[in-house]
Amino acid sequence: MRAWAVTEPGPVEADPLRLVRRPVPEPGEDELLVRVRACGVCRTDLHVTEGDLPVRRAGVTPGHEVVGTVAALGAGVTGFRPGDRVGVAWLRRTDGTCGYCARGAENLCPASEHTGWDADGGYAEYTTVPAAFAHPLPGDVADVALAPLLCAGIIGYRALRRTSLPPGGRLGLYGFGGSAHLCAQLALAEGATVHVLTRGAAARRLALELGAASAGDARDMPPEPLDGAILFAPAGDLVPSALRALDRGGVLSVAGIHLSDIPPLHYTDELFYEKELRSVTSNTRADAREFLTLAARHGVRATTHTYPLSQAPQALRDLKAGRFDGAAVLVNDLS
Ligand SMILES: [Zn+2]
Ligand SMILES: [Zn+2]
């Protein structure tokens, strides 16, 4: 099969991704072999490709928003059949035995493995996934529309829950890409007032189309104090202004896996009155199930921009440059 591999992490402009030939992977005892139909492009793929995240597997194939069909099953797998449509997401495996796993926080498992970082992901004709971490998908939504839900959607959902937004609360979204535009739809469906703060006129237009109450520049103050905010942009220098925008008792969640440095905080203006700054780390399978159920119920739809899988590097370059709004999805044209 053909697969994209990160040969030497570096700026995407210098072509760190190479299209290589590899044997179709053998599913392990508890794994599924999945033929990739579509794979969403997540900012984390950019971080893996450019080396913002340390190398966990040399020559890794990125991609962790995979919609595909089961092509083969390991000997120990039950509950799936060849031809089933499944989703492959970021959280790939946990030990299931540590204290975090025992208390329902498997997203914090120190032994967790991640698709497209510790193991090869979906920028390829085939990938594998432990069956216990594969997500059955509803039959009536197109592959391309589903793919971005599998990381961007799930992480946005976890970030939203981490803000502990009160019913009917005022939510600020800093940055408005793949994850934020899905999060916004769910928050609006649940009755929140949403203010979007982002550079990029196209993203601000999309925000207003989806029902945001306001859309301003990332450094603007929202028109009213916020009960909660989520920082989707990987820009630590936005943390102080997002904290200032919070009302008393408000929570700022940082959704990204990577953030540039946060400048010194001013305690009185940015943290006092019980404002809270929280991070968001990966997700649990329960987050994924809850989000996929809610997304189907509320008709949450990704605005997508498709590329052939053979053009994956261009999709990453365009993501980096902010050349599209919504989420990019690679469609398998290699097989
Ligand atoms: Zn664990
Ligand atoms: Zn992701």
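Here are some notes on this predicted model, point by point.

1. Some ground rules before we start. Residues are numbered from 1 along each chain as its sequence is written, and chains are lettered from A, with ligands numbered from 1, in the order in which they are written. As the model is predicted, local features need pLDDT of at least 70 and side-chain atom pairs count only at pLDDT 80 or more, while totals for chains, interfaces and linings use all residues.

2. What does the record say? UniProt, in an unreviewed entry, lists residues 13-330 as "domain: Enoyl reductase (ER)"; such annotations may be inferred rather than shown by experiment. Over that stretch the chain is 26% helix and 26% strand, with its end C-alpha atoms 19 Å apart. Helices (H or I, at least four residues) and strands (E, at least two) are DSSP runs, numbered from the N terminus.

3. Now the domains. The assignment, whose bounds come from an automatic or database source, gives domain 1 (2-137 + 303-331) and domain 2 (153-279). Their C-alpha centres lie 27 Å apart. Twelve residues from domain 1 and ten residues from domain 2 make up the contact (in contact means C-beta atoms, placed from the backbone, within 7 Å). On the domain 1 side, helix H1 (residues 43-50) gives the most, with three residues. By class, that side has four nonpolar, five polar and three charged residues. Here Ala, Val, Leu, Ile, Met, Phe, Trp, Tyr, Cys and Pro count as nonpolar, Asp, Glu, Lys and Arg as charged, and the others, Gly among them, as polar.

4. Where is the largest nonpolar core? First, the terms: such a core is a set of buried Ala, Val, Leu, Ile, Met, Phe, Trp, Tyr and Cys residues joined through C-beta atoms within 7 Å. A residue is buried if 20 or more other C-beta atoms lie within 10 Å of its own, exposed if 12 or fewer, and partly exposed in between. The largest core has 95 residues, and Leu-173 and Leu-231 have the most contacts inside it. Strand E3 (residues 31-41) gives the most to this core, seven residues. Both domain 1 and domain 2 give residues to the core, so it lies between them. Leaving out residues up to four places away in sequence, Leu-173 touches Ala-180, Cys-183, Ala-184, Val-194, Val-196, Ile-230 and Phe-232.

5. Have a look at helix H6 (residues 201-210), where Ala-203, Arg-204, Leu-206, Ala-207 and Leu-210 are buried. They sit on the same side of H6 because they cover an arc of only 160 degrees around the axis, taken from the directions from the helix axis to the C-beta atoms. The face turned away carries the exposed residues Ala-201, Leu-208 and Glu-209. Among the things covering the buried residues are helix H5 (178-189), strand E11 (193-197) and strand E12 (214-216). After H6 comes Gly-211, with a positive phi near 115 degrees.

6. Helix H4 (residues 152-162) is mostly covered, with ten of its eleven residues buried. The buried ones include Arg-158 and Arg-162. Ser-164 follows H4, and its phi is positive, near 50 degrees.

7. Last, two loop residues to check. Most residues other than glycine have a negative phi. Asp-15, in the loop between strand E1 (2-6) and strand E2 (17-21), has a positive phi near 60 degrees. Tyr-273, in the loop between helix H8 (267-271) and strand E15 (276-279), has a positive phi of about 65 degrees. Are they buried or exposed? Asp-15 counts as exposed because it has 12 C-beta neighbours inside 10 Å, and Tyr-273 counts as exposed with 12 as well.

Key
Two residues are in contact if their C-beta atoms, placed from the backbone, lie within 7 Å.
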